[in-house]
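The sequence and model come next.

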Amino acid sequence: MRVVVFADIHANLTAFEAVLADIEKRYTADAFISLGDFIDYGMRSNEIIERMKRIKTPLLANLKGNHEKALIDGELSRFSSDRGRVMSTYTRNHLSQASIDYINDVMEGPQKEIVIDGYKVLLLHGDIDDPYWGKLTPARTQDEAYAEYDYVLSGHTHQPFKIETFFKADNPVMRNLKRTTFINPGSVGQPRNLNPCAQYVYLDFATGETHFNSVPYNYEEEQRLFPEEIDKFYSERLKYGV
């Protein structure tokens with residue numbers, strides 16, 4: 001199965017449209033996997049959700065992220081700054097009822113296990129200990145809690161990576177090793193790896209072939225939508241990928 005994996009669109013419609021156009025031009029995907037955080041930080045949360053509704057490619061997973069959770073339950077204490085709480089409140093006040101219904105009724109929880117081409121796959125927004133807010137960084141890919149999975153796909157950090165970890169296993173044929181492949185596709189709408197391009201991953205489970213893609217888009221189109229009441233940090237960071 002050939003799958004496109006994306007995460008952290010963050011209400012950036014221009015970036016998301018650029019990614020969809022790039023996928024159509026370059027790949028034939030059997031399915032999409034979305035790892036959460038459609039909304040917030042950007043100005044077009046409603047438009048992102050409406051765009052998702054029109055996608056014809058099957059969604060193997062459509063996870064909620066911490067921003068969907070914060071918006072629905074109103075718990076803002078885990079944001080690291082006041083500007084983040086102000087931004088979440090702004091998004092909540094401008095979200096349509098149709099978007100709220102989509103988050104509640106269509107999107108799934110922050111963690112899901114699936115089997116693809118015989119591989120056991122763990123999908124996460126965060127990490128296995130805290131699927132909404134935890135950060136599965138490269139330093140944490142040695143955690144034995146992930147050893148039972150063949151693939152672990154996660155988002156939330158906005159920084160792409162692929163790491164293969166070899167855990168000990170009772171399997172002499174495989175030299176007593178068990179491989180778990182960790183993949184973070186980066187962020188579509190708010191990258192934080194010093195690359196402002198919209199980022200996603202193409203993954204062929206049959207061969208293991210993995211493409212990390214960075215798609216240029218007109219970030220200024222999104223910047224113009226921010227009102228004065230929102231901290232300029234959120235619009236300015238789009239230029240630098242920080």
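Two strands are taken to pair if DSSP finds at least two bridges between them. Strands (E, at least two residues) and helices (H or I, at least four residues) are DSSP runs, numbered from the N terminus.

## Basis of the model

The model is predicted: local features need pLDDT of at least 70, side-chain atom pairs count only at pLDDT 80 or more, and totals for chains, interfaces and linings use all residues. Residues are numbered from 1 along each chain as its sequence is written, and side-chain values use heavy atoms, with hydrogens and water left out.

## The sheet S4-S5-S6-S8-S7

An open sheet of 5 strands has the order S4-S5-S6-S8-S7, with mixed pairing. Strand S4 (111-116) and strand S7 (161-168) are its edges; each has a single partner strand, so one side of each has no neighbour in the sheet. Direction ignored, neighbouring strands of this sheet are turned by 20 degrees against each other on average. Axes here are lines fitted to C-alpha atoms, for helices over the stretch in contact, and angles run from 0 to 180 degrees between N-to-C directions.

Within this sheet, S5 and S6 are paired in the parallel sense over 4 bridges. Leu 124 is opposite Ser 154 in S6.

## The sheet S3-S2-S1-S9-S10

Another open sheet, also mixed in its pairing, has 5 strands in the order S3-S2-S1-S9-S10. Strand S3 (59-62) and strand S10 (210-215) are the edge strands, each pairing on one side only. From one strand to the next, the twist averages 20 degrees. Helix H1 packs on this sheet and touches S1, S2, strand S9 (198-204) and S10; the direction of H1 makes about 30 degrees with that of S9. Contact means heavy atoms within 4.5 Å.

Strand S1 (residues 2-6) and strand S2 (residues 31-34) run parallel and are joined by 4 bridges. Phe 6 has Ser 34 as its bridge partner in S2. S9 and S10, by contrast, run antiparallel, with 6 bridges between them. Tyr 200 is opposite Asn 213 in S10. S9 and S10 form a hairpin with 5 residues between them, and Gly 208 in the turn has a positive phi of about 85 degrees.

## Pockets

Both pockets and cavities are found on a 1 Å grid over the protein atoms alone: a cavity is a set of points where a 1.4 Å probe fits but cannot get out, a pocket is an open set with protein on both sides within 12 Å along at least five of seven lines, and lining residues have an atom within 4 Å of a point. Grid points are joined across faces, edges and corners, and a volume is the space filled by probe spheres set on the points.

The largest pocket holds about 350 Å³ of space. Its lining has 20 residues, and Tyr 41, Phe 79, Ser 80, Lys 135 and Arg 192 lie nearest the centre. Helix H3 (66-73), helix H4 (82-94) and helix H7 (233-240) each supply at least two lining residues, with H7 giving the largest share, 3 residues. By class the lining has 5 nonpolar, 8 polar and 7 charged residues; Ala, Val, Leu, Ile, Met, Phe, Trp, Tyr, Cys and Pro count as nonpolar, Asp, Glu, Lys and Arg as charged, and the others, Gly among them, as polar.

The second largest pocket has a volume of about 260 Å³. It is lined by 13 residues, and Leu 20, Ile 23, Glu 24, Phe 32 and Thr 57 are the closest to its centre. Helix H1 (residues 13-26) contributes the largest share of this lining, 5 residues. The lining divides into 7 nonpolar, 2 polar and 4 charged residues.

## Cavity

The count is 1 cavity of 30 Å³ or more. The largest cavity has about 60 Å³ of space. Among the residues that line it are His 10, Tyr 41, Gln 190, Glu 222 and Tyr 234. The classes in this lining are 5 nonpolar, 5 polar and 1 charged.

## Salt bridges and a helix contact

The whole structure has 14 salt bridges, each a side-chain nitrogen of Lys or Arg within 4 Å of a carboxyl oxygen of Asp or Glu. In one of them, between Arg 78 and Asp 130, the closest N and O atoms are 2.9 Å apart. Arg 78 is in the loop between H3 and H4 and Asp 130 in the loop between strand S5 (119-124) and strand S6 (151-154), so the pair, 52 residues apart, links distant parts of the chain.

Asn 46 lies in helix H2 (residues 45-54). Leaving out residues up to four places away in sequence, Asn 46 touches His 94, Leu 95, Ser 96 and Ser 99.
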